[in-house]
Amino acid sequence: MNIGAYTFSQFNEIAEKFHGYAAPGLLVGGYMVELAKGLLPEETLFEAVVETGKCLPDAVQLLTLCSTGNRRLHIRDLGLYAVSLYDKKTGVGVRVSIDPAKLYAYPEIRGWFMKEKPKQAQDVEELEREIEQAGHCICKVQRVQIDKEFLGHGHMGTVSVCSCCGEAYPLEHGSQCLGCQGQAPYTTLDPEA
Ligand code: ZN
C-alpha cells in the first residue's frame, strides 16, 4: 500500500534520510498520518497532536506542514502510539492509533509493537513486508474534539534584555530570563568573562 504520494520504498528512503534509519514506527506512522489526513475535510488547515515522543512526530513532520518548529505539531507524551489531526480553529479532528486486536494477522508487527521480541530476534525484512501489506488496516480511528489548550498560539509579548545574562527574553517571565531563574538545561563550562 502506498503512503500518500509515496510508494513504500520511496517513503522508506525518505524516512532513512530524515530519521537516520527507516524505523518501523516511522513506516507505520506514515500510514497513520495519511489515514488521518484523508479523513479530514479537504482544504482543512490542520494541526497535529502526537501522544508519544518516539518516531510518530517524524512521520507528521515528513507528511504534513506541521512541525515542532512552526508550532503546529504538539507532543503530549503519554506513551501511546496515537496521532490526532484537527482543524486548527475548531479543534475537531480524527485520532488514529494502532489496534492491538488487529495485529494477530501480523505476527512480526505484533512482536515489534508489543515488544514481545527482542530487537535482535526481529526479522526486519518480514516486519517491513507486513507493515506494507497491512497499511492502515491495523489502525483504529476516532472522531475527537481537541482540548482548547492546543488551539491558537500565544503571541510573545514585550521582549526585554535579561539583567543577568544579557540575552533577549519575554518580559512576562519576570525580571530575569527563565534560564537565570534556575531553569537552564546546562551549566556553562567557559570561564567567567
Ligand atoms: Zn538571563
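Is His173 buried, exposed or partly exposed? At 32% relative accessibility, His173 counts as partly exposed. The model described here is predicted.

## Around His173

His173 sits in the loop between E7 and H6. Leaving aside residues up to four places away in sequence, His173 touches Leu178 and Gln181. Gly152 is 21 residues from His173 in sequence. In space, the C-alpha atoms of His173 and Gly152 are 20 Å apart.

## The zinc site

Four cysteines supply the protein donors of the zinc ion: Cys162, Cys165, Cys177 and Cys180. Each donates through its SG atom. The donors lie 2.3 to 2.4 Å from the zinc ion. The angles subtended by the four donor atoms run from 103 to 117°, so the arrangement is tetrahedral. Every angle falls between 85 and 135 degrees, as a tetrahedral site requires.

The donor residues follow the spacing C-x2-C-x11-C-x2-C in sequence. Cys165 lies in the loop between strand E6 (159–161) and strand E7 (168–170). Cys177 lies in the loop between E7 and helix H6 (179–183). The pair therefore ties together parts that are twelve residues apart in sequence.

How exposed are these two cysteines? Cys165 has 37% relative accessibility, so it counts as partly exposed. Cys177 has a relative accessible area of 11%, so it is buried. The cut-off for buried is under 20%.

## Two packed helices

Two packed helices are described by the angle between their axes and the distance between the axes. Here the pair is helix H2 (residues 24–39) and helix H5 (residues 124–134). Their axes come within 10 Å and cross at roughly 10°. H2 and H5 are therefore roughly parallel to each other.

On the H2 side, the contact is made by Pro24, Leu27, Val28 and Tyr31. On the H5 side, Leu127, Glu128, Ile131 and Glu132 take part. Six of the contact residues are nonpolar and two are charged, with no polar ones.

## Positive phi angles

Glu43 is a residue other than glycine, yet its phi is positive, near 70°. Glu43 lies in the loop between H2 and strand E1 (46–50). With a relative accessible area of 76%, Glu43 is exposed.

Cys55 also has a positive phi, of about 60°, although it is not a glycine. Cys55 is located in the loop between E1 and helix H3 (56–63).

Methods. Residues are numbered from 1 along each chain as its sequence is written. This is a predicted model: local features need pLDDT of at least 70, side-chain atom pairs count only at pLDDT 80 or more; totals for chains, interfaces and linings use all residues. Side-chain values use heavy atoms; hydrogens and water are left out. Donors are N, O and S atoms within 2.8 Å of the metal (3.2 Å for Na, K and Ca); water is not among the atoms, so sites may look incomplete. Four donors count as tetrahedral if all angles lie between 85 and 135 degrees; four count as square planar and six as octahedral if opposite donors are over 155 degrees apart and all others between 65 and 115; anything else is irregular. Helices (H or I, at least four residues) and strands (E, at least two) are DSSP runs, numbered from the N terminus. Buried means under 20% relative accessible area, exposed over 50%, partly exposed in between (1.4 Å probe, protein chains only). Axes are lines fitted to C-alpha atoms, for helices over the stretch in contact, and angles run from 0 to 180 degrees between N-to-C directions. Angles under 35 degrees count as roughly parallel, over 145 as roughly antiparallel, 65 to 115 as roughly perpendicular and the rest as oblique. Contact means heavy atoms within 4.5 Å. Ala, Val, Leu, Ile, Met, Phe, Trp, Tyr, Cys and Pro count as nonpolar, Asp, Glu, Lys and Arg as charged, and the others, Gly among them, as polar.
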